[in-house]
Amino acid sequence: TGRSPKSVVLEAISHARESIEIIMYSFTDMEIADHLIDACKLRGINVRVILDQGQANSQSGMQALAERLRCKGIQVKLKTPGLRGNFQAMHVKAMVVDKELVLKGPFNYTWPASDQQLNELDAVMNLRIAKQWTDVFKTYWA
């Protein structure tokens with residue numbers, strides 16, 4: 001469609017009616033964070049975010065973003081992928097909106113991913129696929 005992955009993410013956040021669940025390897029983009037905060041604070045959207053613990057430990061910007069989200073009422077957990085084998089990193093990049101729209105792909109929520117890298121993002125409106133990703137989110141959230 002010619003739209004950037006970031007614009008698709010921002011549009012999905014702005015159209016959320018009930019919930020946003022994110023699993024993200026690297027997340028430092030404050031514009032996306034601000035849109036999530038607005039969704040939570042101004043529209044009452046339930047926003048939950050899971051971030052990779054190793055990435056958060058190595059990036060001060062990611063730690064600051066996680067704390068900012070928490071301070072604004074968004075639930076954030078830092079996790080390692082230990083639940084799913086002996087992996088070093090949780091390299092998942094997905095968002096589920098209202099348990100019906102899934103955004104997934106190699107796009108991290110970072111400035112370089114938005115402005116310096118060619119990235120893709122699949123947007124899928126499918127209840128079965130959304131349930132699968134919601135189940136993945138629940139597994140990591142536990």
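Me: Where does Gln59 lie?

Reply: In this predicted model, Gln59 is found in the loop between helix 3 (53-58) and helix 4. Setting aside neighbours within four places in sequence, Gln59 is in contact with Ser26 and Thr28. Gln59 and Phe27 are 32 residues apart in sequence, and their C-alpha atoms are 9.5 Å apart in space.

Me: How many aromatic pairs does the structure hold?

Reply: A pair of aromatic rings is described by the distance of the centres and the angle of the planes. The structure holds 3 aromatic pairs. In one of these, Phe27 and Tyr109 have ring centres 5.3 Å apart and planes at 85°, so the pair is edge-to-face; planes over 60 degrees apart qualify for that description.

Me: Which parts of the chain does the pair of Phe27 and Tyr109 tie together?

Reply: Phe27 lies in the loop between strand 1 (19-24) and helix 2 (30-43), while Tyr109 lies in the loop between strand 5 (101-104) and helix 5 (111-115), so the pair ties together parts that are 82 residues apart in sequence. Phe27 is buried, with a relative accessible area of 0%, and Tyr109 is buried as well, at 1%.

Me: Why is the pair of Phe107 and Tyr109 described as tilted?

Reply: The ring centres of Phe107 and Tyr109 are 5.7 Å apart and the planes stand at 50°, so the pair is tilted. Phe107 is buried, with a relative accessible area of 1%. Phe27, Phe107 and Tyr109 form one aromatic cluster.

Me: Which residues have the most contacts inside the largest nonpolar core?

Reply: In soluble globular proteins, nonpolar side chains tend to be buried together. Here the largest nonpolar core has 34 residues, and Ile20, Phe27 and Met95 have the most contacts inside it. Among the elements that each supply at least two residues of this core are helix 1 (5-15), strand 2 (46-52), helix 4 (60-71) and strand 4 (93-97). Helix 2 gives the most to this core, with 6 residues. Beyond four places in sequence, the residues that Ile20 touches include Ile13, Leu36, Val47 and Met95.

Me: Is the side of helix 2 that carries Lys41 and Leu42 turned towards or away from its buried side?

Reply: The face with the exposed residues Lys41 and Leu42 is turned away from the buried side of helix 2. The buried residues of this helix are Ile32, Ala33, Leu36, Ile37, Ala39 and Cys40. Seen down the axis of helix 2, these buried residues fall within an arc of 155°, so they line one face of the helix. They pack against helix 1, strand 1, strand 2 and helix 4. Helix 2 has 14 residues and reaches 19 Å from its first C-alpha to its last, close to the expected 20 Å.

Me: Which residues of helix 6 are buried?

Reply: Ile129, Ala130, Thr134, Val136, Phe137, Tyr140 and Trp141 are the buried residues of helix 6. Viewed down the axis of helix 6, they fall within an arc of 155°, so they line one face of the helix. The face turned away from them carries the exposed residues Leu127, Arg128 and Lys131. Among the elements against which the buried residues of helix 6 pack are strand 3 (75-79) and strand 6 (122-125).

Me: What sits over the ring of Trp141?

Reply: The charged end of Arg48 sits over this ring, 4.7 Å from its centre. Trp141 also belongs to a second, separate core of 8 residues, which includes Ile50, Ala94 and Tyr140.

Conventions. Residues are numbered from 1 along each chain as its sequence is written. This is a predicted model: local features need pLDDT of at least 70, side-chain atom pairs count only at pLDDT 80 or more; totals for chains, interfaces and linings use all residues. Side-chain values use heavy atoms; hydrogens and water are left out. Rings of Phe, Tyr and Trp (its six-membered ring) pair if their centres lie within 6.5 Å; planes under 30 degrees apart count as stacked, over 60 as edge-to-face and the rest as tilted. Helices (H or I, at least four residues) and strands (E, at least two) are DSSP runs, numbered from the N terminus. Buried means under 20% relative accessible area, exposed over 50%, partly exposed in between (1.4 Å probe, protein chains only). A charge sits over a ring if NZ of Lys or CZ of Arg is within 6 Å of the ring centre and within 35 degrees of the ring normal. A nonpolar core is a set of buried Ala, Val, Leu, Ile, Met, Phe, Trp, Tyr and Cys residues joined through side-chain atoms within 4.5 Å. Contact means heavy atoms within 4.5 Å. The expected span of a helix is 1.5 Å times one less than its number of residues. The arc is that of the directions from the helix axis to the C-beta atoms.
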